[in-house]
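Open your viewer, keep the selection tool handy, and follow along from stop to stop.

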Amino acid sequence: MTINLRAIPMGSQWNVAITGGKAHIGAVALGIPRSSLADPGQASASVSVLTVTGHIDDEVARPAAHFLAKALKQIVVVSCGIHYDKITAEDILVVKKLVQEILEDFYANVHE
């Protein structure tokens, strides 16, 4: 399985597309950085999501937008469309792990 991340800077903010297999738009998440509600000294983010009916791409878009908005302390938009025929529950866990890895790589490259 291959997962791709494409990011377009929009000023200091980011528009990120995460795709794999048959690319499409399955969900879009808007991440907005904010202080943690539990500890105002810690960073967090609020995320709003739109999901295309019948898709589960929000399971990738939501945590991706949360991670990036919190880490970068910038507004981010994440669109996600990953489709592999006959994907299993185990495959979905692999996809989520691959997504987290590419998000961390992206953050490391942007944050240098």
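Before the first stop, one definition: a salt bridge here is a side-chain nitrogen of Lys or Arg within 4 Å of a carboxyl oxygen of Asp or Glu. Bear in mind, too, that you are looking at a predicted model.

**Stop 1**

Select D58, which you will find in helix α1. Is D58 buried or exposed? D58 is buried, yet it has no salt bridge. Now show the contacts of D58: leaving out residues up to four places away in sequence, it touches A27, V49, T51 and P63.

**Stop 2: the largest pocket**

Next, select I56, D57, I82, I87 and I92. Of the 14 residues lining the largest pocket, these are the closest to its centre. The space in this pocket comes to about 230 Å³. Colour α1 (58–72), β5 (76–83) and α2 (89–111) to see the elements that each give two or more residues to the lining. Which element gives the most? That is α2, with three residues. By type, the lining divides into seven nonpolar, four polar and three charged residues.

**Stop 3: helix α2**

Stay with helix α2 and select A89, which lies in it. A89 has a relative accessibility of 60%, so it counts as exposed. To finish, draw a distance from the C-alpha atom of A89 to that of T53: the two residues are 36 apart along the chain, and these atoms are separated by 20 Å.

Note on methods
Residues numbered from 1 in each chain as written. Predicted model: local features only at pLDDT ≥ 70, side-chain atom pairs only at ≥ 80, totals over all residues. Heavy atoms only, no water. 1 Å grid on protein atoms, 1.4 Å probe; cavity = no way out; pocket = protein on both sides within 12 Å on 5 of 7 lines; lining within 4 Å. Points joined across faces, edges and corners; volume = space filled by probe spheres on them. Helix = DSSP H or I, 4+ residues; strand = E, 2+ residues; numbered from the N terminus. Nonpolar A, V, L, I, M, F, W, Y, C, P; charged D, E, K, R; others polar. Buried < 20%, exposed > 50% of the residue type's maximum accessible area, 1.4 Å probe, protein only. Lys, Arg positive; Asp, Glu negative; His and termini not counted. Contact = heavy atoms within 4.5 Å.
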